[in-house]
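Here are some notes for a colleague who is opening this entry for the first time. They go from the overall picture to single residues.

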Amino acid sequence: MTTSFNPAELALPGIRELQPYQAGKPIEELERELGIKDIVKLASNENPLGVSPAVQAALTTAISGLARYPDANGFYLKDALATKFTVDINQITLGNGSNDVLELLARTFVQPQHEVIFSQHAFVVYPLVTKAIGATPVQVKAKDYGHDLDAMAAAITDKTRMIFIANPNNPTGTFLQKQEIEAFLQKVPAHVLVVLDEAYYEYVPEHERAPSMQWIDRFPNLVVCRTFSKAYGLAGLRAGFAVSHAAVADLMNRIRQPFNMNQLALTAALAALTDEHFLAESIDVNQAGMTQLIDFCDQHGLNYIPSHGNFLTIEVGPNAADIYQKLLLAGVIVRPVGGYELPNHLRVSIGLADENDAFCKAMESILSE
Ligand SMILES: *Cc1c(COP(=O)(O)O)cnc(C)c1O
């Protein structure tokens, strides 16, 4: 009898409450809807330079090997990461994007009776993975759009099992100095894991970067997450990783799907690590584009949240949703952030000069209506 089959009643309570992740609108979708070409997508913090030539060459060679399963341990990539970051290979967990690693962390360590702390306006995947396992999300009010580490430390209880910190944060671009994070880590008790999500690390000026992976010896409850999706330009392949205490990595690797990073992702990530020139160029293009968008905001009296990432979150006012729609009609896709309790802002990823220009021109004409 299937007369009253109600899957929602059968699902885990935490999952019933979830809203599906809202991704940036794909270019192809807007093309289909409007029948227009030359669409500019500044909505998902992707690398506007595309895929590095070194990666493209490596991928071409790898295609002929795709009948075989990938190396379940990702040895060559882990070995290269261990060398580059001066950590032990046993400290690394590979992910199908760093979102995969964030979820693995929650599934390995957090149980339904636990609390997970994160900041208001922080990356949506933190509440998502928390609710999916039925644990209690504890959102701490932001300070100047960024993490309030004192308030986050004060929110720790006996039930807290994990704290997520995005640095720089998405979608605000806010940044915590290394001294602040180090002082915070000193306050966190040993029953709490601190997950430091550094997806935008490469865009941070070198002198401001935290030696986060080197802190793990002193703070074995610290986990550092990085990704190949942003500065390395591999968002479409899904490649990310965590560096942690070896015992933490060992536990995560027990529930990790053995082939969670596919062969093309492994190959591309390894090649991307060798292409320092592409990385440097990506950072330069980002800096130039950031200046371009900030100048535009300054000229038009628009407030923005100062950003350490590859995007700028701009306060466009209470009709942000309207402006988002009008930008779509003009062929420019940006990201509404109402779901992040920022209903008056739009997040604009930094593109190439002419893409940023397309945004500025479209925005200018909308503002002068
Ligand atoms: C983009 C982003 C990630 C990375 O996601 P992937 O799954 O590696 O593509 C992780 N954390 C934050 C805060 C991000 O903005």
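1. Two terms first. Contact here means heavy atoms within 4.5 Å, and helices and strands are DSSP runs numbered from the N terminus. The model is predicted, and the points that follow should be read with that in mind.

2. Overall size. The protein has 369 residues, and its radius of gyration is 21 Å, which agrees with the value near 21 Å for a compact globule of that length. The C-alpha trace spans about 60 × 60 × 50 Å along the principal axes. Of the 369 residues, 51% count as buried.

3. Fold content. There are 14 helices and 13 strands in the protein. Among contacts with a separation of 6 or more, 74% are between residues 24 or more positions apart.

4. Domains. How is the protein divided? Domain 1 takes in residues 23-50 and 277-367, while domain 2 covers 53-274. The domain centres, taken over C-alpha atoms, are separated by 26 Å. Across the boundary, 25 residues of domain 1 are in contact with 29 residues of domain 2.

5. The annotated domain. An unreviewed UniProt entry places the feature "domain: Aminotransferase class I/classII large" at residues 37-361. That span is 38% helix and 17% strand, and its end C-alpha atoms lie 17 Å apart.

6. Helix α7. This helix runs over residues 125-132, and its buried residues are Val125, Tyr126, Pro127, Val129 and Thr130. Which elements do the buried residues of α7 pack against? They pack against helix α6 (98-109) and the strands β3 (115-119), β4, β5 and β6 (193-197). Just after α7 comes Gly134, with a positive phi of about 80 degrees.

7. The unreviewed UniProt entry carries the annotation "modified residue: N6-(pyridoxal phosphate)lysine" at Lys230. Lys230 sits in the loop between β7 (222-227) and β8 (240-243). Is this lysine buried or exposed? Lys230 counts as buried because its relative accessibility is 13%, and the cut-off for buried is under 20%.

8. Surroundings of Lys230. Not counting residues up to four places away in sequence, Lys230 touches Ser44, Asn45, Asn47, Ala199, Tyr200, Tyr203 and Asn310. With one of these, Tyr200, the side chain of Lys230 makes a polar contact of 3.1 Å.

9. Asn167. This residue lies in the loop between β5 (160-166) and α9 (178-187). Asn167 has a relative accessible area of 4%, so it is buried. Leaving aside neighbours within four places in sequence, its contacts are Thr174, Phe175, Leu176, Ile181, Leu196, Asp197 and Glu198. For Leu176 there is a further detail: the side chain of Asn167 reaches the backbone nitrogen of Leu176 at 2.6 Å.

10. Cis peptide bonds. Most peptide bonds are trans. The bond from Asn167 to Pro168 is cis, with omega near -10 degrees, and Pro168 is in the loop between β5 and α9. Another cis peptide bond joins Asn170 and Pro171, where omega is about 15 degrees. Pro171 is also found in the loop between β5 and α9. A reader checking the backbone may wish to look at this loop.

11. Positive phi values. Most residues other than glycine have a negative phi. Thr86 is not a glycine, yet its phi is positive, about 50 degrees. Thr86 is in the loop between α5 (75-85) and β2 (92-95), and it counts as exposed because its relative accessibility is 64%. Asp144 likewise has a positive phi, near 50 degrees. Its place is the loop between β4 (136-140) and α8 (149-154). With a relative accessible area of 68%, Asp144 is exposed.

Terms used:
Residues numbered from 1 in each chain as written. Predicted model: local features only at pLDDT ≥ 70, side-chain atom pairs only at ≥ 80, totals over all residues. Heavy atoms only, no water. UniProt positions renumbered as here; feature names shortened; annotations may be inferred. Helix = DSSP H or I, 4+ residues; strand = E, 2+ residues; numbered from the N terminus. Buried < 20%, exposed > 50% of the residue type's maximum accessible area, 1.4 Å probe, protein only. Polar contact = N/O pair within 3.5 Å; in protein donor to acceptor, adjacent residues only side chain to side chain. Rg over C-alpha atoms; globule rule 2.2 N^0.38 Å. Domains from an automatic or database assignment.
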